[in-house]
Amino acid sequence: MTPVNHAVEIRDLHKHFGRLEVLRGIDFTVEPGQVVCVIGPSGSGKSTLLRCVNLLEQPTSGKVFVEGVELTHIDVDIDAARRRVGMVFQQFNLFPHMTVLENVTIAQRRVLKRGKAESERIARENLDRVGLSEKADSYPAQLSGGQQQRVAIARALAMSPSLMLFDEPTSALDPELVGDVLTVMRKLAEEGMTMLVVTHEMAFARDVADRVVFMDGGVIVEDGPPDQVIGAPQHERTKSFLRRVLDPTHTDV
């Protein structure tokens, strides 16, 4: 029987920016269908780790595998490998001069070479998935931040990825707009989408994640089920972080 590949496998990952060592020997895996939330203080290396998964950042050393393909191998077809990975950033990165429908079809047509009719059909299906089918002919400036982020999610989904990466997708949103984006992400999790999510939304991590990874200082400090890492953390660094996040009035002495 052929073994099933991990959705993501990271081996001894290091990343330096000049003299600054941002990632210091990361090892972890994500299984197909899992939702893994990465939490931790600013500067802990969370977003850099995420960007190394699809080589938006080139690791200094170590190996990254997505569905068994080593993205860090010198001979890898990185463009082909990235087509299976969708990414949603903090900023929406929509083309302001294009309609929502055009924003969701352009990469399909240029990268996947889908025809106009097929790409529009898939775009409309995914706009419906994120609750924005009625906004297909609108322009980004006519949408709220939360709606723009949901368009960005639809755009990523339209590429038919097997893995979705989310880099703090709600951090640029007004608080009242966060819920709609998290609802879409919860729905994707229920559908079985493999997701690696960098987030400060502790309720989402606690309720939706299969695993929570706590990072600090470029290393993984804790990795386990949400009720363990968030509900009963073992390490003092995790406890201190959660005290600050869950009770902003708390000050560690």
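## Basis of the description

Helices (H or I, at least four residues) and strands (E, at least two) are DSSP runs, numbered from the N terminus. This is a predicted model, in which local features need pLDDT of at least 70 and side-chain atom pairs count only at pLDDT 80 or more, while totals for chains, interfaces and linings use all residues. Residues are numbered from 1 along each chain as its sequence is written, and side-chain values use heavy atoms, with hydrogens and water left out.

## Overall fold and dimensions

The protein chain contains nine helices and 10 strands. Its radius of gyration is 18 Å, close to the 18 Å given by the globule rule for 253 residues, so the chain is as compact as a globular protein of that length. Here the radius of gyration is taken over C-alpha atoms, and the globule rule is 2.2 Å times the number of residues to the power 0.38. The C-alpha trace spans about 55 × 45 × 40 Å along its principal axes.

With contact meaning heavy atoms within 4.5 Å, residues 24 or more positions apart supply 64% of the contacts in the protein chain that have a separation of 6 or more.

## Surface and burial

The accessible surface of the protein chain is about 12,100 Å², and 49% of this belongs to carbon and sulfur atoms. Accessible areas come from the Shrake-Rupley method with a 1.4 Å probe; for residues, only the protein chains shown count as cover. Of the 253 residues, 51% count as buried, where buried means under 20% relative accessible area, exposed over 50%, and partly exposed in between (1.4 Å probe, protein chains only).

Helix 1 (residues 46–53) is mostly covered, with six of its eight residues buried. These buried residues are Lys 46, Thr 48, Leu 49, Leu 50, Cys 52 and Val 53. After helix 1 comes Leu 55, which has a positive phi, near 60°.

Thr 99 is located in the loop between strand 6 (85–88) and helix 3 (100–111). Its relative accessible area is 11%, so Thr 99 is buried. Leaving aside residues up to four places away in sequence, Thr 99 touches Ala 136, Asp 137, Ser 138 and Tyr 139.

## Charges and salt bridges

The protein chain carries 29 positive and 35 negative charges, whose mean positions are 4 Å apart. In this count Lys and Arg are positive and Asp and Glu negative, with His and the chain ends not counted; the place of a charge is NZ of Lys, CZ of Arg, CG of Asp or CD of Glu. A search of the whole structure finds 13 salt bridges, each being a side-chain nitrogen of Lys or Arg within 4 Å of a carboxyl oxygen of Asp or Glu.

One of these joins Arg 51 to Glu 57, with the closest N and O atoms 3.8 Å apart. A network of salt bridges links Lys 15, Arg 51 and Glu 57. Arg 51 has 26% relative accessibility and therefore counts as partly exposed. Another salt bridge, at 3.0 Å from N to O, connects the side chains of Glu 120 and Lys 116. Both residues lie in helix 4 (residues 116–129), four residues apart, about one turn of the helix. Glu 120 is partly exposed at 23% relative accessible area, and Lys 116 is partly exposed at 47%. Arg 186 and Asp 207 also form a salt bridge, their closest N and O atoms being 3.9 Å apart. This pair links distant parts of the chain, with Arg 186 in helix 6 (residues 175–190) and Asp 207 in helix 7 (residues 202–208), 21 residues apart. Arg 186 is partly exposed, at 29% relative accessibility.
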